[in-house]
Amino acid sequence: MATELPPRLFVTGTDTGVGKSYVAALLTVGLEASYWKPVQSGADADADWVQRVTGLPTERILPETYCLRAPLSPHEAARREGVQIEMSRFALPKQERLIVEGAGGVMVPLNDRHLMVDLMVALGLPVLVVARSELGTINHTLLTLDQLRRRGCPLLGVVVNGPSNPANCQAIAHYGEVPVLAAIDRRVELAPAKVRALFVRYFGRHG
């Protein structure tokens with residue numbers, strides 16, 4: 001790939017369910033990084049899934065700052081548990097190689113004042129956007145890129161995820177004025193024995 005991947009970055013998405021955890025797993029292994037999801041909503045923790053499909057040791061899977069039970073927007077899941085998500089509690093881990101995964105998209109509420117993009121601004125890491133490949137992705141991706149630029153987030157690029165769709169990749173790169181770093185297919189199941197090879201296939205040898 002033409003764009004070199006930094007050792008620390010934030011993985012966000014155009015929506016929930018677009019494959020952020022899949023991409024984060026590839027990057028964590030490929031860059032020999034640690035994985036951190038600051039806010040988890042839902043009993044099926046993404047950190048557990050990432051560890052299972054990568055085989056990474058526990059010390060490279062960092063604990064969430066907030067781990068909420070209900071599979072809802074963080075602000076609502078927290079409200080139901082009587083928890084207040086406080087921005088001051090988020091401390092960027094010291095690891096030199098780190099993949100941070102957001103919850104949902106950039107405009108997901110964390111509390112009555114702050115959105116996921118506020119956390120991204122506070123952490124100050126380069127941002128990689130995961131987008132679907134299917135119909136509708138151009139609009140969702142351009143809106144996400146626009147919001148990130150408005151807030152001054154350093155944009156690394158976009159990963160398009162799903163069945164091959166070169167036309168959508170070209171449109172995102174052209175109208176979004178951003179590199180499409182990889183077009184991957186998360187229908188290929190991850191397993192510890194093949195994650196590194198998939199990283200190399202999609203991203204090249206950055207690590």
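Trainee: What covers the buried residues of helix 2?

Mentor: Keep in mind that this is a predicted model. The cover over the buried residues of helix 2 includes helix 1, strand 2 (34-36), strand 3 and strand 4 (61-62). Strand 6 and helix 7 (195-203) belong to that cover too.

Trainee: Which residues of helix 2 are buried?

Mentor: Asp-46, Ala-47, Val-50, Val-53 and Thr-54.

Trainee: How do you know that they lie on the same side of helix 2?

Mentor: Look at the arc around the axis. They cover only 140 degrees of it, so they sit on the same side of helix 2.

Trainee: Why is Thr-54 called buried?

Mentor: Buried means under 20% relative accessible area. Thr-54 has 9% relative accessibility, so Thr-54 counts as buried.

Trainee: What does Thr-54 touch?

Mentor: Leave out residues up to four places away in sequence. Thr-54 then touches Ala-25, Val-29, Pro-192 and Val-195. Val-195 is itself one of the buried residues of helix 7.

Trainee: Where is Leu-155 relative to Thr-54?

Mentor: The two are 101 residues apart in sequence. In space, Thr-54 and Leu-155 are 26 Å apart, C-alpha to C-alpha.

Trainee: What comes just after helix 2?

Mentor: Gly-55, with a positive phi of about 75 degrees.

Trainee: Now helix 7. Which of its residues are buried?

Mentor: Val-195, Leu-198, Phe-199, Tyr-202 and Phe-203.

Trainee: What makes them one side of helix 7?

Mentor: The arc again. These residues cover only 105 degrees around the axis, which puts them on the same side of helix 7. They pack against helix 1, helix 2, strand 8 (155-161) and strand 9 (180-184).

Trainee: Which exposed residues does the face turned away from that buried side carry?

Mentor: Ala-197 and Arg-201. Helix 7 is then followed by Gly-204, whose phi is positive, near 80 degrees.

Trainee: Why are Phe-199 and Phe-203 called an aromatic pair?

Mentor: Ring centres must lie within 6.5 Å. The centres of Phe-199 and Phe-203 are 5.5 Å apart, so the two count as a pair. The count for the model comes to 2 aromatic pairs.

Trainee: And why is this pair called stacked?

Mentor: Planes under 30 degrees apart count as stacked. Here the angle between the planes is 25 degrees, so the pair is stacked.

Trainee: How many residues apart are Phe-199 and Phe-203?

Mentor: Both lie in helix 7, 4 residues apart. That is about one turn of the helix.

Trainee: How do you know that both are buried?

Mentor: Set each value against the limit of under 20%. Phe-199 has a relative accessible area of 2%, so Phe-199 is buried. Phe-203 has 1%, so Phe-203 is buried as well.

Trainee: What makes the phi of Glu-32 worth a look?

Mentor: Most residues other than glycine have a negative phi. Glu-32 is not a glycine, yet its phi is positive, about 55 degrees. Glu-32 is found in the loop between helix 1 and strand 2.

Trainee: Why is Glu-32 called partly exposed?

Mentor: Partly exposed runs between the buried limit of 20% and the exposed limit of 50%. Glu-32 has 47% relative accessibility, so Glu-32 counts as partly exposed.

Trainee: What is the phi of Glu-177?

Mentor: Near 50 degrees, a positive value in a residue other than glycine. Glu-177 sits in the loop between helix 6 (166-176) and strand 9.

Trainee: Is Glu-177 buried or exposed?

Mentor: Exposed means over 50%. The relative accessible area of Glu-177 is 66%, so Glu-177 is exposed.

Trainee: Why is Ala-91 called exposed?

Mentor: Its relative accessible area is 54%, so Ala-91 is exposed. Ala-91 is in the loop between helix 3 (74-80) and strand 6.

Trainee: Last, the largest pocket. How many residues line it?

Mentor: The lining has 28 residues. Thr-16, Gly-17, Lys-20, Lys-37 and Asp-46 lie nearest the centre. About 500 Å³ of space lies in this pocket.

Trainee: Which element gives the most to the lining?

Mentor: Strand 6, with 5 residues. Helix 1 (20-30), strand 3 (39-41), helix 2 (46-54) and strand 6 (98-105) each supply at least two.

Trainee: How do the lining residues divide?

Mentor: Into 9 nonpolar, 10 polar and 9 charged.

How values were computed
Residues numbered from 1 in each chain as written. Predicted model: local features only at pLDDT ≥ 70, side-chain atom pairs only at ≥ 80, totals over all residues. Heavy atoms only, no water. 1 Å grid on protein atoms, 1.4 Å probe; cavity = no way out; pocket = protein on both sides within 12 Å on 5 of 7 lines; lining within 4 Å. Points joined across faces, edges and corners; volume = space filled by probe spheres on them. Nonpolar A, V, L, I, M, F, W, Y, C, P; charged D, E, K, R; others polar. Buried < 20%, exposed > 50% of the residue type's maximum accessible area, 1.4 Å probe, protein only. Arc of directions from axis to C-beta. Contact = heavy atoms within 4.5 Å. Phe/Tyr/Trp six-rings, centres within 6.5 Å; stacked < 30°, edge-to-face > 60°.
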